[in-house]
Structure formats: structure tokens, C-alpha cells
Amino acid sequence: MKPAAPGTVTAVNAAAALLAAAGLGWTGWQGVAEPGVALAFGLMIAVGELARRGARPGEREPAPLGAASALAYALLGANAGQPTSHGIPQTVAVTTAGVLAGAVPYVARGRGPALDHVTRRVVTVTFAAVCVQPLHGPGAPAERLAAGPGHVLALLLVLVLTALCDAVLASLVVRARTLPRGAGRTAGAPVPFGPLLRDELRSLTGVGCAVCATGAAMALGTGVAGLWAPPVFCLPLLLTRLSLRRFAAVRTTYRQTIASLARATEIAGYTPHGHARRVAALSALVGREMGLSGPDLTVLEYAALMHDIGQLSLVDPVPEGATALLPAPEQRRIALLGGAVVRQTGVPPAVAVVVERQADPYREQPLPARIVRTVNAYDDLTGDSARSVLSALERLRLGTAHDYQPEVVESLARVLSRGVSGPLSPGNPWVMSGRPTGHGWMRKKEH
């Protein structure tokens, strides 16, 4: 049986369900205002949801066209010069209907949209409609802002607030999904909210800005040119989406190339199977725990994958590849050899710096190097099982005077205590596997 979703996720999903039900019920009771406009935007939303085919798992906005169309309908105040009167409930109803209609083919194949995706769409569109709709319509309290420069400024403010609302909501959901499960509050500190929010805000400079700009342009264009405007303004977004998908494919190939290069030490018999992969995934978790995000996290991941590549220059392999058990001068020599190899691979220079300095005293290291050194030592001490997790952490704590930063060791302990499980993937740093590391296992060993 799968564990129940955390309370935050349940509350957000329940709120979205209530909003959708209220919007659909109110619209069904009162009737659809301006059916042609509602149908046009509903179809645009559905087409946008259908166009999410090929989205990568975990992609922040898999259906940007659907998001822009839903946002445009929430911002819409006029159609070809005539004021609209669809209101907030109908905005929610049309958005919900469009999202569900676009999901039908995927549901039929057993691949429906993630519930979090639908929830975010409903909540953010409702937020935008609540902010904008009072500006429109005769006798509205903010009617004066619905014309002239004030209208543009008001729309910009609403777009910023809506983007912030979506980022905060996405961060809360991800944080709730990664809270400890089944072990109560003692299972470890929750995943820090700050790095999650920073990642979401950084993503707004890409597809987020494109969605907001396209939604505003569609709403303003429809107010002047009518329903011809939405399809025209969608073309730039579609081209942007295609470019971003290709860029993402290049990055994925680049990461896979680095991961394949890192496996050279395993194939040659210098390191145990899966060692680099485990260190990379666990380092990413610890890095997020300590506030790293974005490019810093990417550098950490690449350095963790390639941290042992210097062993390829050794005549005799290190027993079980455990460099953490070697004398300090030998560790430093292997690290410098690895950095020299990494510099020839074309990765960012910061990756080579981390690899080169992973054997230095921690007070002289950059934070990514401190993390890689600590996690590598943990994996070397535990081997391919978790039989010695507690003793490994104890040895790391004993080495905090010179070798390992105390804050990194404690962050590692908190990550291990959460009992996060799932397929291990350096590209998905929120999950790890390969051996039991959860709080429940640790408590069992203690007894």
C-alpha cells in the first residue's frame, strides 16, 4: 500500500477540487456567459494539454500552451472592444473542463496528467481571476484601472503575483512530497523550503516568462482583434517550447555522457558498481539540504559523478575503490589526477576544481568539494549495503576536526534519516535507492 500523501498536498488538492466543483456548479446553474468565447478558450486549453506529449518526467510546465490559454481567459476583459462578463466561477469552470478534456486521450492510455499539475492549474488561474476580474465590468470597484496605462500596470502586477503564487504552491507540494513518511516528526528535518523556492523562481525566467507574456498578449489582443488573436499569439510560445525541449534533450545527453564517462572506473574494476551514481544522488540531496540550487547543484552533481576518475591513472587499483581509507597525500594525488582528466572533458571548470580539491582539509575547500568528500567517505565506509550506516556516521563525526565539515555531516545524517525511497537517479536528486538508508532501518539496527 502506498503511503498517504502528506497533509499539505491533501489540503491543496482538496482546495482545488472545491474550487473546480464550485466553478462548474455555478456555471451550470447560471448558464455559460458568452459561449463562443468560453468554447474558444476551452479548446485552446484542451489543445495545449494535448500538446504536452513528449514532456520529460518532472518538467515544471509540461503544457505551456494550456497554461497561457487559461491565464489569458482569467485576464480577459474584452472581446473585440466589447466588455466580457464571464466572471471568476466561469473562468475556473472553463479551465477545469479544458484540462480534463485534454487529458482524456492520456487517461485512456493509462498516462493521465499528474494530480499536482491539475491542482496548480486550477489554483493559479483562480488566483489570477480573483485579482483581475474586479477590474472589469460596469460598476466594478476598480473600473477606472481597466483602461489606459493603469490597466497595463495592473496586469503586470497580477502576472508577477500569479507567478509567485504558482512558484510557492509548487515548492510547497514538492516539499510535502519529500517529507519523512511513516516515522513521525522524529524522522528528520523537512526538506528546506528556500532552495526549492529559488529553483522555482529561477525557472520563471524561462518558460514561466513565456507563459505569462503569451497569456497577457492573448488577453489584450483578444480585447482588440477578437478571437483571431489567441491562435496567432500562441505561435511564438510553441516555437519557444520546441527550442526548450531541444535544449533539454541536449542537456540530458550531456549528463548521460558524463555518467557514462564516470562509469569507466567501474568497468575497469577500480570502484564498486554504482558507487559514482550513489555518491552523485546523495550529494545532490545533501546539497539541497544545505541550500544549493540551480547551477551550483549541477556542478556538484557532475563533480560527484567524476570524483574517482583519477583512479584510472593508478597502476594498482585501490582495494574496493575506497579512497577515503588512503593516506592524505595519496588521496590528494588521486584528486589532482582526476581534476586534470576532468579538465579535458569540456565540463565547466568549476567541476574540475571540486574534483581537484576534494582531498584538501575542509576549511580550504569550496562547499561542493566538502559535500563530495563527505558523501564519498560515507559510501566507502558502508560499501554496497547499509549494515554500517551508524558506524559510518560516527567515523565521519570523529573526522570533523580536519577532514569533514560538521554541518555537512549533520546534513547527511538528516537526509539519511528521512527514509526517502525510489529509483536512484542523479538527474532526480530527491530520491535515492541502492540500499536501505531510512530512519526505520536505523532504528531497527539500534535495537
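**Notebook: salt bridges, helix packing and a nonpolar patch**

I began with R357 and D360, whose side chains meet in a salt bridge, 3.6 Å from N to O. The model I am reading is a predicted one. Are these two partners buried or exposed? R357 is partly exposed, with a relative accessible area of 30%, whereas D360 is buried at 13%, because the cut-off for buried is under 20%. I then noted that R332 joins R357 and D360 in a network of salt bridges.

I looked up how many salt bridges the structure holds, and the count is 10. One of them ties E49 to R121, with the closest N and O atoms 3.3 Å apart. This pair links distant parts of the chain: E49 sits in helix α2 and R121 in helix α5 (residues 115–132), 72 residues apart. I checked the cover on both: E49 is buried, with a relative accessible area of 1%, and R121 is buried too, with 6%.

Next I turned to E330 and R333, which form a salt bridge of 3.0 Å, N to O. Both lie in helix α12 (residues 328–343), 3 residues apart, or about one turn of the helix. E330 counts as partly exposed at 26% relative accessibility, and R333 counts as partly exposed at 40%.

**Helices side by side**

How do α3 and α8 pack? I found helix α3 (residues 64–75) at an angle of about 150° to helix α8 (residues 229–262), with their axes 10 Å apart. That makes α3 roughly antiparallel to α8, because angles over 145 degrees count as such. The crossing of α3 past α8 is right-handed.

My other pair was helix α2 (residues 35–50) with helix α4 (residues 87–108), whose axes are 8 Å apart at an angle of about 40°. These two helices are therefore oblique to each other, and their crossing is right-handed.

I also looked up T27, which has its place in helix α1 (residues 7–30). T27 counts as buried at 10% relative accessibility. The C-alpha atoms of T27 and Q90 are separated by 5.6 Å, although the two residues are 63 apart along the chain.

Which residues make the nonpolar surface patch? I listed L157, V160, L161, L164 and L201, which together make a patch of about 400 Å². Helix α6 (residues 149–177) gives the largest share, 4 residues. L201 is found in helix α7 (residues 193–225), and at 34% relative accessibility L201 counts as partly exposed.

Notes:
Residues numbered from 1 in each chain as written. Predicted model: local features only at pLDDT ≥ 70, side-chain atom pairs only at ≥ 80, totals over all residues. Heavy atoms only, no water. Patch = residues over 30% accessible without salt bridge, like charges linked within 9 Å, V, L, I, M, F, W, Y side chains within 5 Å. Areas by Shrake-Rupley, 256 points an atom, 1.4 Å probe, with all protein chains shown as cover. Salt bridge = Lys/Arg side-chain N within 4 Å of Asp/Glu carboxyl O. Buried < 20%, exposed > 50% of the residue type's maximum accessible area, 1.4 Å probe, protein only. Axes fitted to C-alpha atoms, helices over the stretch in contact; angles between N-to-C directions. Parallel < 35°, antiparallel > 145°, perpendicular 65-115°, else oblique. Left-handed = near helix turned anticlockwise from the far one by under 90°.
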